[in-house]
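Student: I'd like to learn how to read charged side chains in a structure. Could you walk me through one?

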Amino acid sequence: MLDADFFRRWLASVAAAVDREADRLTALDSPIGDADHGGNLRRGFTAVVAVLETEAPAAPGAVLTLAGRRLISTVGGASGPLYGTLLRRTGTVLGEAPQVSEAEFAAALRAGVAAVATLGGAAPGDKTMLDALVPGADALLTSFAAAREAARLGALATVPLQARKGRASYLGARSVGHQDPGAASSALLFEALADTAEAAATGEAPGE
Ligand code: ADP
Ligand code: MG
């Protein structure tokens, strides 16, 4: 079972990964965007970690809804409302249960991903974060490790696509040949999730 502490550790691990990879995310956002994705997410997840430390919600759903609200209020770019919606919807579906099963989390996350698709009007193949979020959340029904791998491959598979949503779509055919920055950051979310689950299984904090 997964408790509030698991989700706090996951989001702290995401914050650490985003911090470590911020330059790469911003570099991906240069040729097909406005070179702010790394900075946007660094600001957002730093604020998420801070608010979770001060408020320390006791249930998984509350951790995720608070984190989602914080992302929406701190990130100006498109990714803030999209990731904020992902976490908020996932948290709302989990409700007030003090612990949730992996299967319950996987189902809730798929609802969160569906909310991102509704908000942004995008579908897999449009060269957005959904190209990593959808396969990642689907594979979470199997395992954390399968989700990490599916999201990683989904992000890489955005390279040959032409963007149909978001800022990169303004470039038309010139968006082909570049990895989508949001898909790359979504892969980091699943990487951090698998790291957190593996650390929990071995009794260590992730990254130690
Ligand atoms: P902005 O585009 O406002 O500068 P960011 O650079 O932080 O915001 O995030 C860009 C990422 O957001 C894109 O790489 C893409 O993955 C994602 N994105 C943009 N628009 C959409 C959308 N309509 N649906 C899903 N994802 C989107
Ligand atoms: Mg940008």
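Predicted model: local features only at pLDDT ≥ 70, side-chain atom pairs only at ≥ 80, totals over all residues.

Student: How many salt bridges does the structure hold?

Tutor: There are twelve. One of them pairs Arg 110 with Asp 138, with the closest N and O atoms 2.8 Å apart. Arg 110 sits in helix H5 (residues 102-120) and Asp 138 in helix H6 (residues 130-139), so this pair ties together parts 28 residues apart in sequence.

Student: Which side chains does Arg 148 meet in salt bridges?

Tutor: Asp 195 meets Arg 148 at 3.2 Å, N to O. Arg 148 belongs to helix H7 (residues 144-156) and Asp 195 to helix H8 (residues 181-202), so the contact ties together parts 47 residues apart in sequence. Glu 198 also forms a salt bridge with Arg 148, the closest N and O atoms being 2.7 Å apart. Since Glu 198 is in helix H8 and Arg 148 in helix H7, that pair ties together parts 50 residues apart in sequence.

Student: Why does Arg 148 count as partly exposed?

Tutor: Partly exposed covers the range between under 20% (buried) and over 50% (exposed). Arg 148 counts as partly exposed because its relative accessibility is 23%.

Student: And which residues coordinate the magnesium ion (ligand 2)?

Tutor: Asp 29, Asp 34 and Asp 36 do, each through OD, at 2.0 to 2.3 Å. Along the chain, these donors follow the spacing D-x4-D-x1-D.

How values were computed: Residues numbered from 1 in each chain as written. Chains lettered and ligands numbered in written order. Heavy atoms only, no water. Donors = N, O, S within 2.8 Å, 3.2 Å for Na, K, Ca; no water. Salt bridge = Lys/Arg side-chain N within 4 Å of Asp/Glu carboxyl O. Helix = DSSP H or I, 4+ residues; strand = E, 2+ residues; numbered from the N terminus. Buried < 20%, exposed > 50% of the residue type's maximum accessible area, 1.4 Å probe, protein only.
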